[in-house]
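Subject: Structure handover

Hello,

Here is the structure I said I would pass on. My notes on it follow below.

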Amino acid sequence: MSDRENSSRPDGETPDRNDHTVSRRALLGGAAAGVLGAGAVGLAGGAAGLAGSLVGASPASAREVAHSTDVPPGKLDDYYGVWSGGQSGELRILGVPSMRELIRIPVFNVDGTIGWGITNESKRVLGPNAPLNGDTHHVHMSQTDGHYDGRYLFVNDKANTRVARVRWDVMRTDKILHIPNAQSIHGLRVQRVPKTKYVFCNGEFRVPHPNDGRDLNDPKKYFTVYTAIDAETMKIAWQVLVDGNLDNTETDYTGKYSGATCYNSEGGVHLADMMEAERDWVVFFDIPRIEAAVKAGQYKTFEDPDVPVVDGRHGSKLTLYVPVPKNPHGINASPDGKYVVANGKLSPTVTVMSWEKVDQWFAGKLKDPRDVVLAEPELGLGPLHTTYDGRGNAYTTLFIDSQICKWNLHDAIRAGKGEKVNYIRQKLDVNFQPGHNKASMAETRDADGQWLISLNKFSKDRFLRVGPLHPDNDQLIDISGDEMKLVSDNPVYCEPHDCFMLRRDLVEHKVKQVWDWGDPFYAETVAMAKKDGIDIQSDNKIIRDGNKVRVYMTSAAPAYGLNEFEVNKGDEVTVVITNIDDVEDLTHGFCLSNYGINMEISPHETSSVTFTADKAGVYWYYCTFFCHALHLEMRGRMLVKA
Ligand code: K7E
Ligand code: CUA
Ligand code: CA
């Protein structure tokens, strides 16, 4: 029996995650035992996930299940890890605690494996003349009532002032938005409550607006804005003009407030200028008031006439500026919804603030902005980011000290009131120079205090030499007990800035293993086919339309629907391929030799690419994903007449 015959399901249904009768794993295993084995793995993994969430109250046995980093062959990880990719412009999905990289999601980058930046479908998302690089720092999942909801990921592009949305179900980027009135989008966060209506993002660099050559060297006229993006439409809802600049941002657990750090309150354009002040600030935003101001027409527009910009500079009722020391960087809300911590960077302190007091300040009950500050514990040198275990402890990266400082929030607040109490619990050396850190589930109400990742910028001598550019070192730390324990070193390609870990049992069922026919991601291509009278699931046809040629074909291992097609030199050719294999994991590729084209077509996906046949001759196209014993023979010819 051929793979192709094997792959057809009698009922013609799309296979799903729980139906292993047609899974490739089972096919390759070739026996019922394989099917059972796969099912058992799923169950065991689920149990481990459960045990993980109960560790606080459970005996050592549960603890061992959750805290073995050993994930044997065939077993699954308890957590998804979602990593930004830094200068690679992508996202990466890992399994935690094994730290195995599972997939990469191209976002702002060109990716030859799936043809991101090459296919028509990806170009529609990227937009015309899209830059070919990105710098992803902050990735967050949409939430509903403070819990991860498995709908979308959102990520910034610091390099080219963009924000992208990625669908969790297919792990594919589906929207990219350029942000006007700003340069360099850095901090990004989602509204948590009642659900992610807005995605907030920070314009980091101050420039003139419009930035068209005017006011070049007049920094007093530079400014930046805070942006709220509608998470569903991916259109900008509003912006807030602020004083200073914007670094990182954070949201509360009521949906009413967000805040951002500013390290350049000085408005400086040189390093020394930006370090002048002993205190910069955190700026808080009153979201309902801003919405009301926009509704009442109290706004201006700058580069984009459709984007309302309200004035949130000092004196505005829409914002609160809280002075904090010095060039603050990360800003992190505690999962109990009560506190928010700004990390001092050039100060050895972090500033603990109360969301409730922020609310009181906006209600006019507090006079001094500093009244929202509860404590300013001293932790060590170069505090950058803080995360939480859900048991009242905070973990702050100390960049200069190369340590994670574990400290207790309530004790720090007591110390802030003048009590003599030691709030520091432990300092753990990390290797080396940590930026972000993140505890499992820490950015939701479900913080579970199991694992901590320290994203270290330098690996120095921890790995084999690979030339002058070293990998980063993302260290996994067990925080389930009283003491932090370093568990593993994990080299990563530069430079993930941030990551988060979420329990597999919450979101794995939302991930599709096979595309839905007609998925919105490629719906426009299907609509084009329909206009041409093509049924993408069965037709193999060439449509000529002047010097435009559209080549429609199916792919089913080990053959394309067309063995050859003929065009004239100079034709604009669009090749549209639909993978009609029903088997999970049976992906095909389409690579056109010497034309710089490759794309991936997964089961029930339609991918297309458009190019000019500018070279006469015979050009073989071939499948790039090993799909069948006769995979090498899965090829055909494009004949280009001179
Ligand atoms: Cu600290 Cu871009 Cu979040 Cu880097 S940022 S570390
Ligand atoms: Cu299809 Cu290889
Ligand atoms: Ca400063």
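How many aromatic pairs does the structure hold? There are 22 of them. Please keep in mind throughout that this is a predicted model.

Two of the pairs show what the labels mean. A pair of aromatic rings is described by the distance of the centres and the angle of the planes. For W515 and Y522 the ring centres are 6.1 Å apart and the planes stand at 65 degrees, so this pair is edge-to-face. Both of these residues are buried. For F565 and Y621 the centres are 5.5 Å apart and the planes are at 25 degrees, so this pair is stacked. F565 sits in strand β34 (residues 564-568) and Y621 in strand β39 (residues 617-622), so the pair links distant parts of the chain, 56 residues apart. F565 and Y621 are buried as well. Separately, one aromatic cluster is formed by Y198, F200, Y226, W238 and F285.

E266 counts as partly exposed because its relative accessible area is 25%, while N327 is buried, at 5%.

On the nonpolar cores: the largest has 47 residues, and L153, W168 and L502 have the most contacts inside it. Elements that each supply at least two residues of this core include β1 (79-84), β2 (90-96), α5 (120-126) and β30 (499-503). Leaving aside neighbours within four places in sequence, L502 is in contact with D78, Y79, Y80, V82, M141, Y148, M441 and V507. Another core, of 30 residues, lies apart from the largest one; among its members are A557, V575, M634 and V640.

Last, a sheet. Four strands form an open sheet in the order β4-β5-β6-β7, with antiparallel pairing. Its edge strands are β4 and β7 (172-178), each pairing on one side only. Neighbouring strands are turned by 30 degrees against each other on average, direction ignored. β6 and β7 are joined by six bridges, and V166 has T173 in β7 as its bridge partner.

Regards

Terms used: Residues numbered from 1 in each chain as written. Chains lettered and ligands numbered in written order. Predicted model: local features only at pLDDT ≥ 70, side-chain atom pairs only at ≥ 80, totals over all residues. Heavy atoms only, no water. Buried < 20%, exposed > 50% of the residue type's maximum accessible area, 1.4 Å probe, protein only. Core = buried A, V, L, I, M, F, W, Y, C linked by side-chain atoms within 4.5 Å. Contact = heavy atoms within 4.5 Å. Pairing = 2+ DSSP bridges. Axes fitted to C-alpha atoms, helices over the stretch in contact; angles between N-to-C directions. Phe/Tyr/Trp six-rings, centres within 6.5 Å; stacked < 30°, edge-to-face > 60°.
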